[in-house]
Amino acid sequence: MIIKTFHEFYSYSNDISQLLQDLMEITHKTTSKKLISDYNLEGYPKEKQEKIVYNLADLALLSQGLLKGNSLTNFINRSVDLMETFQN
């Protein structure tokens, strides 16, 4: 559930990184279903759907210069893995 009370919101002010992480998770969950539907991914295994959705989100971050470090490495590795599975 999204932030329930003002008290919960106020408690996030002490840990902004946790707030950002929670917001990213909520955003991912709500957009994943739409992306799976929009890109007609229902026929793929759930694991592949997740990789594709993460790659779409990472492409958006990459296009804005916001994908760095471990996230960039994970994106590259996931992209290579997806390319290999689509070739088979």
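Select Arg78 and Asp58. Arg78 forms a salt bridge with Asp58, and the closest N and O atoms are 3.0 Å apart. A salt bridge here is a side-chain nitrogen of Lys or Arg within 4 Å of a carboxyl oxygen of Asp or Glu. Side chains of opposite charge can pair when their charged atoms come close.

This is a predicted model, in which local features need pLDDT of at least 70 and side-chain atom pairs count only at pLDDT 80 or more, while totals for chains, interfaces and linings use all residues. Residues are numbered from 1 along each chain as its sequence is written, and side-chain values use heavy atoms, with hydrogens and water left out.

Arg78 sits in helix α4 and Asp58 in helix α3, 20 residues apart, and the pair links distant parts of the chain. Helices are DSSP runs of H or I with at least four residues, numbered from the N terminus.

Are these two buried or exposed? Arg78 counts as buried, at 16% relative accessibility. Asp58 counts as buried too, at 10%. Buried means under 20% relative accessible area, exposed means over 50%, and partly exposed lies in between (1.4 Å probe, protein chains only).

Next, select Lys51 and Asp81. Their side chains meet in a salt bridge, 2.1 Å from N to O. Lys51 lies in helix α3 and Asp81 in helix α4, so this pair ties together parts that are 30 residues apart in sequence. Both are partly exposed: Lys51 has a relative accessible area of 22%, and Asp81 has 23%.

Glu47 forms a salt bridge with Lys51, with the closest N and O atoms 3.6 Å apart. Both residues lie in helix α3, 4 residues apart, about one turn of the helix. Glu47 is exposed, at 57% relative accessibility. Show Glu47, Lys51 and Asp81 together: salt bridges link them in a network. How many salt bridges does a search of the whole structure find? It finds 3.

Now select residues 69–87, helix α4. This helix has 19 residues and reaches 28 Å from its first C-alpha to its last, close to the 27 Å expected at 1.5 Å a residue. The expected span is 1.5 Å times one less than the number of residues.

Pick out Phe75, Arg78, Ser79 and Leu82, the buried residues of α4. They cover an arc of only 105° around the axis, which puts them on the same side of α4. The arc is that of the directions from the helix axis to the C-beta atoms.

Turn to the other side of α4. Asn70 and Gln87 are exposed there.

Last, show α3 (46–63). What covers the buried residues of α4 includes this helix, where contact means heavy atoms within 4.5 Å.

Notes. Helices (H or I, at least four residues) and strands (E, at least two) are DSSP runs, numbered from the N terminus.
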